[in-house]
Amino acid sequence: MSDRHFPTLSLEILLAQSSGGLVCGVDEAGRGPWAGPVSAGAVILNADDLPPGIDDSKALTEKRRAALEPEIKARAIAWGVGFASAREIEALNILGATGLAMCRAIEAMGVRPVAALVDGNYRFKLPCPVQTVVGGDGLSLSIAAASILAKTARDRLMVEMDALYPAYGFARHKGYNAPIHSDALKLHGPCPEHRRTWGPVKALLEGCKP
(Lines give C-alpha, C1' and ligand atoms only; values in the text may rest on other atoms or scores of the structure.)
Protein backbone atom coordinates (compact mmCIF):
# COMPACT_ATOMS: atom_id res chain seq x y z
CA MET A 1 0.00 0.00 0.00
CA SER A 2 1.31 3.45 -0.93
CA ASP A 3 2.09 5.85 1.91
CA ARG A 4 1.83 8.84 -0.43
CA HIS A 5 -0.05 11.79 0.99
CA PHE A 6 -2.70 13.46 -1.16
CA PRO A 7 -3.41 17.19 -1.33
CA THR A 8 -5.83 18.76 1.15
CA LEU A 9 -7.31 22.20 1.92
CA SER A 10 -5.27 22.61 5.13
CA LEU A 11 -2.98 25.31 3.72
CA GLU A 12 -5.90 27.18 2.17
CA ILE A 13 -7.81 27.18 5.46
CA LEU A 14 -4.84 28.49 7.44
CA LEU A 15 -4.05 31.22 4.93
CA ALA A 16 -7.71 32.23 4.62
CA GLN A 17 -7.95 32.56 8.40
CA SER A 18 -4.84 34.75 8.59
CA SER A 19 -5.71 36.79 5.48
CA GLY A 20 -9.42 37.21 6.12
CA GLY A 21 -10.73 36.22 2.72
CA LEU A 22 -10.69 33.86 -0.24
CA VAL A 23 -7.44 32.13 -1.18
CA CYS A 24 -6.55 30.82 -4.63
CA GLY A 25 -4.06 28.20 -5.68
CA VAL A 26 -1.76 28.99 -8.61
CA ASP A 27 0.43 26.73 -10.74
CA GLU A 28 2.02 26.72 -14.18
CA ALA A 29 2.59 24.32 -17.05
CA GLY A 30 5.08 24.47 -19.87
CA ARG A 31 8.18 26.10 -18.45
CA GLY A 32 10.49 23.56 -20.06
CA PRO A 33 9.35 23.02 -23.68
CA TRP A 34 11.14 24.25 -26.77
CA ALA A 35 7.95 25.67 -28.28
CA GLY A 36 4.62 27.17 -27.35
CA PRO A 37 3.51 29.35 -24.44
CA VAL A 38 3.80 28.89 -20.72
CA SER A 39 0.38 28.62 -19.08
CA ALA A 40 -0.92 29.18 -15.56
CA GLY A 41 -4.07 28.28 -13.70
CA ALA A 42 -5.64 29.97 -10.68
CA VAL A 43 -8.45 28.35 -8.70
CA ILE A 44 -10.53 29.20 -5.62
CA LEU A 45 -12.13 25.93 -4.59
CA ASN A 46 -15.45 25.58 -2.78
CA ALA A 47 -14.76 23.50 0.32
CA ASP A 48 -18.38 22.32 0.30
CA ASP A 49 -18.34 21.16 -3.32
CA LEU A 50 -14.99 19.56 -4.15
CA PRO A 51 -14.63 17.38 -7.25
CA PRO A 52 -13.31 13.98 -6.12
CA GLY A 53 -9.89 12.90 -7.34
CA ILE A 54 -8.07 16.23 -7.62
CA ASP A 55 -4.33 15.60 -7.53
CA ASP A 56 -1.07 16.92 -8.94
CA SER A 57 -1.61 16.99 -12.71
CA LYS A 58 1.61 15.03 -13.23
CA ALA A 59 0.19 12.17 -11.17
CA LEU A 60 -2.93 11.92 -13.36
CA THR A 61 -3.49 10.44 -16.78
CA GLU A 62 -4.43 12.68 -19.67
CA LYS A 63 -7.91 11.13 -19.61
CA ARG A 64 -8.34 11.84 -15.90
CA ARG A 65 -7.16 15.45 -16.28
CA ALA A 66 -9.63 15.95 -19.12
CA ALA A 67 -12.46 14.60 -16.95
CA LEU A 68 -11.54 16.76 -13.96
CA GLU A 69 -11.16 20.01 -15.90
CA PRO A 70 -14.90 20.71 -16.40
CA GLU A 71 -15.67 19.48 -12.88
CA ILE A 72 -13.22 21.95 -11.38
CA LYS A 73 -14.55 24.79 -13.52
CA ALA A 74 -18.18 24.00 -12.66
CA ARG A 75 -17.70 23.64 -8.90
CA ALA A 76 -15.00 26.20 -8.09
CA ILE A 77 -15.88 29.58 -6.63
CA ALA A 78 -13.67 31.09 -9.33
CA TRP A 79 -11.02 29.98 -11.80
CA GLY A 80 -8.83 31.51 -14.46
CA VAL A 81 -6.21 30.50 -17.01
CA GLY A 82 -3.50 32.72 -18.46
CA PHE A 83 -0.77 32.36 -21.07
CA ALA A 84 2.50 34.04 -21.94
CA SER A 85 3.58 33.53 -25.53
CA ALA A 86 6.88 32.29 -26.93
CA ARG A 87 7.72 35.88 -27.87
CA GLU A 88 6.99 37.05 -24.31
CA ILE A 89 9.19 34.26 -22.97
CA GLU A 90 12.00 35.52 -25.19
CA ALA A 91 11.48 39.11 -24.07
CA LEU A 92 11.02 38.50 -20.35
CA ASN A 93 12.82 35.17 -19.79
CA ILE A 94 10.88 32.13 -18.59
CA LEU A 95 10.58 33.32 -14.99
CA GLY A 96 9.17 36.69 -15.98
CA ALA A 97 6.82 35.11 -18.50
CA THR A 98 5.60 32.60 -15.92
CA GLY A 99 4.77 35.44 -13.55
CA LEU A 100 2.91 37.22 -16.36
CA ALA A 101 0.84 34.11 -17.10
CA MET A 102 0.02 33.76 -13.38
CA CYS A 103 -1.09 37.41 -13.20
CA ARG A 104 -3.33 36.88 -16.23
CA ALA A 105 -4.84 33.75 -14.66
CA ILE A 106 -5.71 35.59 -11.43
CA GLU A 107 -7.04 38.59 -13.34
CA ALA A 108 -9.25 36.26 -15.41
CA MET A 109 -11.12 35.11 -12.31
CA GLY A 110 -14.44 36.75 -11.53
CA VAL A 111 -13.45 36.96 -7.86
CA ARG A 112 -10.30 38.64 -6.56
CA PRO A 113 -8.51 36.55 -3.91
CA VAL A 114 -6.90 38.14 -0.87
CA ALA A 115 -3.91 35.77 -1.09
CA ALA A 116 -2.44 33.08 -3.32
CA LEU A 117 -0.73 29.78 -2.66
CA VAL A 118 1.86 29.36 -5.42
CA ASP A 119 3.68 26.14 -6.24
CA GLY A 120 7.46 26.33 -5.89
CA ASN A 121 9.83 28.57 -3.97
CA TYR A 122 9.80 31.73 -6.11
CA ARG A 123 7.66 34.61 -4.85
CA PHE A 124 6.16 36.01 -8.03
CA LYS A 125 4.75 39.53 -7.97
CA LEU A 126 1.04 38.85 -8.35
CA PRO A 127 -2.13 40.94 -7.85
CA CYS A 128 -2.38 39.64 -4.27
CA PRO A 129 0.05 38.54 -1.51
CA VAL A 130 1.82 35.25 -2.21
CA GLN A 131 2.69 32.27 -0.04
CA THR A 132 5.02 29.83 -1.79
CA VAL A 133 4.67 26.09 -1.27
CA VAL A 134 7.46 23.76 -2.41
CA GLY A 135 5.78 20.66 -3.85
CA GLY A 136 2.49 22.51 -3.56
CA ASP A 137 0.69 20.56 -6.27
CA GLY A 138 1.00 17.49 -4.05
CA LEU A 139 0.00 19.32 -0.85
CA SER A 140 -2.67 21.87 -1.73
CA LEU A 141 -5.93 20.96 -3.46
CA SER A 142 -6.30 24.40 -5.02
CA ILE A 143 -2.74 24.34 -6.40
CA ALA A 144 -3.38 20.83 -7.74
CA ALA A 145 -6.61 22.05 -9.37
CA ALA A 146 -4.72 24.99 -10.89
CA SER A 147 -2.08 22.60 -12.24
CA ILE A 148 -4.80 20.58 -13.97
CA LEU A 149 -6.34 23.65 -15.61
CA ALA A 150 -2.94 24.96 -16.71
CA LYS A 151 -1.91 21.61 -18.17
CA THR A 152 -5.16 20.83 -20.01
CA ALA A 153 -5.39 24.35 -21.45
CA ARG A 154 -1.82 24.27 -22.71
CA ASP A 155 -2.12 20.75 -24.14
CA ARG A 156 -5.25 21.79 -26.03
CA LEU A 157 -3.46 24.81 -27.46
CA MET A 158 -0.50 22.68 -28.57
CA VAL A 159 -2.89 20.35 -30.43
CA GLU A 160 -4.26 23.41 -32.24
CA MET A 161 -0.70 24.48 -33.06
CA ASP A 162 -0.03 21.02 -34.45
CA ALA A 163 -2.70 21.67 -37.07
CA LEU A 164 -0.94 24.92 -38.03
CA TYR A 165 2.58 23.47 -37.98
CA PRO A 166 2.16 19.72 -38.59
CA ALA A 167 5.83 19.00 -39.27
CA TYR A 168 6.87 19.19 -35.62
CA GLY A 169 4.52 16.73 -33.90
CA PHE A 170 3.28 19.21 -31.29
CA ALA A 171 0.15 17.15 -30.58
CA ARG A 172 2.34 14.25 -29.47
CA HIS A 173 5.02 15.92 -27.35
CA LYS A 174 3.41 19.32 -26.63
CA GLY A 175 6.58 21.18 -27.59
CA TYR A 176 8.95 19.28 -25.28
CA ASN A 177 12.23 17.63 -26.23
CA ALA A 178 11.55 14.49 -28.27
CA PRO A 179 13.38 12.81 -31.18
CA ILE A 180 10.60 13.71 -33.63
CA HIS A 181 10.83 17.33 -32.48
CA SER A 182 14.61 17.52 -32.73
CA ASP A 183 14.58 15.90 -36.18
CA ALA A 184 11.92 18.33 -37.41
CA LEU A 185 13.92 21.30 -36.16
CA LYS A 186 16.99 20.07 -38.03
CA LEU A 187 14.97 19.55 -41.20
CA HIS A 188 12.63 22.55 -41.19
CA GLY A 189 14.13 25.07 -38.79
CA PRO A 190 11.98 26.80 -36.16
CA CYS A 191 8.37 27.82 -36.64
CA PRO A 192 6.86 31.01 -35.15
CA GLU A 193 5.96 29.15 -31.96
CA HIS A 194 9.51 28.07 -31.12
CA ARG A 195 11.32 29.78 -28.26
CA ARG A 196 14.30 31.11 -30.17
CA THR A 197 16.31 31.88 -27.03
CA TRP A 198 16.05 28.23 -25.91
CA GLY A 199 19.38 26.40 -26.15
CA PRO A 200 18.54 23.77 -28.81
CA VAL A 201 16.55 26.22 -30.95
CA LYS A 202 19.21 28.92 -30.61
CA ALA A 203 21.93 26.46 -31.53
CA LEU A 204 20.07 25.48 -34.67
CA LEU A 205 19.59 29.09 -35.68
CA GLU A 206 23.31 29.61 -35.23
CA GLY A 207 23.98 26.73 -37.58
CA CYS A 208 24.72 24.12 -34.90
CA LYS A 209 22.97 20.88 -34.14
CA PRO A 210 20.45 21.04 -31.29
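**Figure 1. Helix H2 passes helix H4 in a left-handed crossing.** This close-up comes from a predicted model. Helix H2 covers residues 62–75. H2 and H4 pack at an angle of about 120 degrees. Their axes lie 9 Å apart. On the H2 side, the contact is made by Arg65, Ala66, Leu68, Glu69, Ile72 and Lys73. On the H4 side, look for Ala145, Ile148, Leu149, Lys151, Thr152, Ala153, Asp155 and Arg156. Sorted by class, this contact has seven nonpolar, one polar and six charged residues.

**Figure 2. Pro52 sits in the loop between S2 and H2.** Is Pro52 buried or exposed? Pro52 counts as exposed, because its relative accessibility is 57% and the exposed class begins over 50%. Pro52 still has contacts beyond its sequence neighbours: setting aside residues up to four places away, Pro52 touches Arg64, Leu68 and Arg75. Take Leu68 as one of these partners. Pro52 and Leu68 are 16 residues apart along the chain. Their C-alpha atoms are separated by 8.5 Å. Leu68 also belongs to the contact that H2 makes with H4.

**Figure 3. The largest nonpolar core has 35 residues.** Val26, Ile106, Val118 and Leu126 have the most contacts inside this core. Which elements give two or more residues to the core? The strands are S1 (23–29), S2 (38–44), S3 (78–84) and S4 (115–119). The helices are H3 (86–108), H4 (141–164), H6 and H7. H3 supplies the largest share, eight residues. In soluble globular proteins, nonpolar side chains tend to be buried together.

**Figure 4. Val118 is among the residues with the most contacts inside the largest nonpolar core.** Which residues does Val118 contact, once neighbours within four places in sequence are left aside? The partners are Val26, Met102, Phe124, Leu126, Val130, Gln131, Thr132, Val133 and Ile143.

**Figure 5. Trp198 lies in the loop between helix H6 (179–188) and helix H7 (199–205).** Trp198 is buried, because its relative accessible area is 16% and buried means under 20%. Beyond residues up to four places away in sequence, Trp198 touches Arg31, Gly32, Pro33, Trp34, Ile89 and Ile94. What does the side chain of Trp198 reach at 3.3 Å? It reaches the backbone oxygen of Gly32. Trp198 and Asn93 are 105 residues apart in sequence. In space, their C-alpha atoms are 9.8 Å apart.

**Figure 6. Asn93 and Lys174 each have a positive phi.** Most residues other than glycine have a negative phi. For Asn93, phi is near 75 degrees. For Lys174, phi is about 60 degrees. Where do the two residues lie? Asn93 is in helix H3. Lys174 is in the loop between helix H5 (170–173) and H6. Asn93 is partly exposed, because its relative accessible area is 45%, and that class runs between 20% and 50%. Lys174 counts as buried, at 10% relative accessibility.

Note on methods: Residues are numbered from 1 along each chain as its sequence is written. This is a predicted model: local features need pLDDT of at least 70, side-chain atom pairs count only at pLDDT 80 or more; totals for chains, interfaces and linings use all residues. Side-chain values use heavy atoms; hydrogens and water are left out. Helices (H or I, at least four residues) and strands (E, at least two) are DSSP runs, numbered from the N terminus. Buried means under 20% relative accessible area, exposed over 50%, partly exposed in between (1.4 Å probe, protein chains only). Contact means heavy atoms within 4.5 Å. A polar contact is a pair of N or O atoms within 3.5 Å; within protein, one must be able to donate a hydrogen and the other to accept it, and residues adjacent in sequence count only if both atoms are side-chain atoms. A nonpolar core is a set of buried Ala, Val, Leu, Ile, Met, Phe, Trp, Tyr and Cys residues joined through side-chain atoms within 4.5 Å. Axes are lines fitted to C-alpha atoms, for helices over the stretch in contact, and angles run from 0 to 180 degrees between N-to-C directions. A crossing is left-handed if the near helix is turned anticlockwise from the far one by less than a right angle, and right-handed if clockwise. Ala, Val, Leu, Ile, Met, Phe, Trp, Tyr, Cys and Pro count as nonpolar, Asp, Glu, Lys and Arg as charged, and the others, Gly among them, as polar.
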